[in-house]
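Please keep the model open and find each element as it is named.

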Amino acid sequence: MTSLEDTDEALAARVQAGEVDIFGMLIERYQKKLSRYGTKFLSQPEDIQDIMQEVFIRAYQNIQSFDVSQRFSPWIYRIAHNEYVSALRKRSHNPFIVFDFDALLSHHAYDDPAEGERDQADMRVMIEKGLAEISAKYREVLILYYLEEFGYKEISEVLRIPIGTVGIRLARGKTELERVYKKMNYELYV
Amino acid sequence: MNSTSNHNQSLKDLVMEKIRTDGLSMRPRLYFSVVVIATTLVTFIVLAISIFLFNFLLFGLEASGRSVLLGFGQRGFLTFLQVFPWGLLTLDILLVGLLGWLVHQFKFGYKIPLLFVFVGLLALIALFGSGMKMSTNINSILSDQDELGILPPPFKGVYNDVHRLPSPNTGFYRSIVTNIEGGTITVENTESGTTTMMIILPRNENRATTSGLHVGDTIFVVGDKDRDEVLHAFGLHKTFPRRMLKSRMGASEK
């Protein structure tokens, strides 16, 4: 028997124990979130369902690698991230690995205490309108932070980058988004 | 709302159908344990190779006499840079890059900035490579085996090659002193049979002096040859014949 109060981790443990049908519950819980994440990240949602299918298939195949003492959410988001990045690479026809200079050095990571709820709401509006115009690596951290409401540590786990790098990408992403949004607003009024 | 729940249902049903009927199965826990063990093993192997290569690089610098150039001032340093085995160092650095990527695969690996990982690994390899060269006799053993021709390919000849001097174009020679007359030395080049060469030493130069030198001594000397093939030296260092040098280096490694 399952209940809505069963945690994701408890459900995952039951799937690992052989209760395969329980995996359907995990799909129901995460499909909408991962679809939103993927749609925003990839900007073109027409193949999102195929990619989502791959995400859940991979999650099932690799469920035994999940450590039930950790949170399930970053684990499945990590699988989704890998699939979305693959899809992005296929689209760009760029087989080369671009070196990640943000992850090279240590950065001090902190939540901006001056960013209140109003600023966060403003950011969500800007994200809805201007996300497609900024580069993928900044787009992703903005989605995970402002839309999926992940913390720095969780984003670090999903993207497998140092926490300091999460902070630097968020700051740069916000700057780029503000620039794009101002330009869009300017163009609207020209 | 209905279309959304139907839509939700179809993806779930699609995936669950694949699980139930298409033979889609969970990878066993053992698979992931094997992956971790294999990655760990490969990491240690690459680390060991990197450490050995660094040890070999240091050994080669000493055996070929290149390291003495560092004591010959600015010109000696520039010549050292010219004759340094950059290929070997590049190979070692590439291995460090590979090691950094392997370390990144572990849960703790991605939390550390890449530059710290890279610099940390370089320091570790330099430390253990130097330690291997100074505290073990592995280079003597392998050198002897290479001389006997029993090192397997691709290592065959590698230790014999390491004793080879840089090209004569660099002005660097290993020679035996056959005559000393004031500030002029006559030598026999050991690398090229019995070719004799005259060397003129500069006045009042501590790095190139006949002080403590005797006929029969083996020396490293570096300088510029004039039209008459006379070498005007800016650096001279007494050393030992290759066989004696090897046994002395083996003793110091013990």
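1. Helices (H or I, at least four residues) and strands (E, at least two) are DSSP runs, numbered from the N terminus. This is a predicted model, in which local features need pLDDT of at least 70 and side-chain atom pairs count only at pLDDT 80 or more, while totals for chains, interfaces and linings use all residues. Residues are numbered from 1 along each chain as its sequence is written, chains are lettered from A and ligands numbered from 1 in the order in which they are written, and side-chain values use heavy atoms, with hydrogens and water left out.

2. In chain A, helix 2 (residues 23–42) and helix 3 (residues 48–61) have axes that come within 10 Å and cross at roughly 135°. That angle makes helix 2 of chain A oblique to helix 3 of chain A, given that angles under 35 degrees count as roughly parallel, over 145 as roughly antiparallel, 65 to 115 as roughly perpendicular and the rest as oblique. The crossing of these two helices is right-handed, a term used when the near helix is turned clockwise from the far one by less than a right angle, anticlockwise being left-handed.

3. Contact here means heavy atoms within 4.5 Å. Among the residues by which helix 2 of chain A meets helix 3 of chain A are A:Phe23, A:Leu26 and A:Tyr30 from helix 2, and A:Ile48, A:Met52 and A:Tyr60 from helix 3. The residues of this contact divide into 13 nonpolar, five polar and no charged, where Ala, Val, Leu, Ile, Met, Phe, Trp, Tyr, Cys and Pro count as nonpolar, Asp, Glu, Lys and Arg as charged, and the others, Gly among them, as polar.

4. Helix 2 of chain A also packs with helix 6 (residues 136–147) of chain A, at an angle of about 150° and with the axes 9 Å apart, and the two helices are therefore roughly antiparallel to each other. By class, this contact has seven nonpolar, no polar and four charged residues.

5. A:Val20 lies in the loop between helix 1 (8–16) and helix 2 of chain A. Its C-alpha atom is separated by 9.0 Å from that of A:Tyr60, 40 residues apart along the chain. Leaving aside residues up to four places away in sequence, A:Val20 touches A:Tyr60 and, in chain B, B:Met16, B:Ile19 and B:Met26.

6. How many residues of chain B are in contact with chain A? There are 28, and they contact 31 residues of chain A. The two chains bury about 2,800 Å² between them, 64% of it on carbon and sulfur atoms, buried area being the accessible area (1.4 Å probe) that two parts lose on being put together, summed over both. B:Leu11, B:Met26 and B:Tyr110 supply 25% of the area that chain B buries against chain A, more than any other three residues.

7. Chain B holds a closed barrel of five strands in the order 1-2-3-5-4, with mixed pairing, two strands being paired if DSSP finds at least two bridges between them. Strand 4 (residues 218–225) and strand 5 (residues 231–239) of chain B run antiparallel and are joined by eight bridges, whereas strand 3 (residues 196–200) of chain B pairs with strand 5 in the parallel sense over two bridges.

Key:
Axes fitted to C-alpha atoms, helices over the stretch in contact; angles between N-to-C directions.
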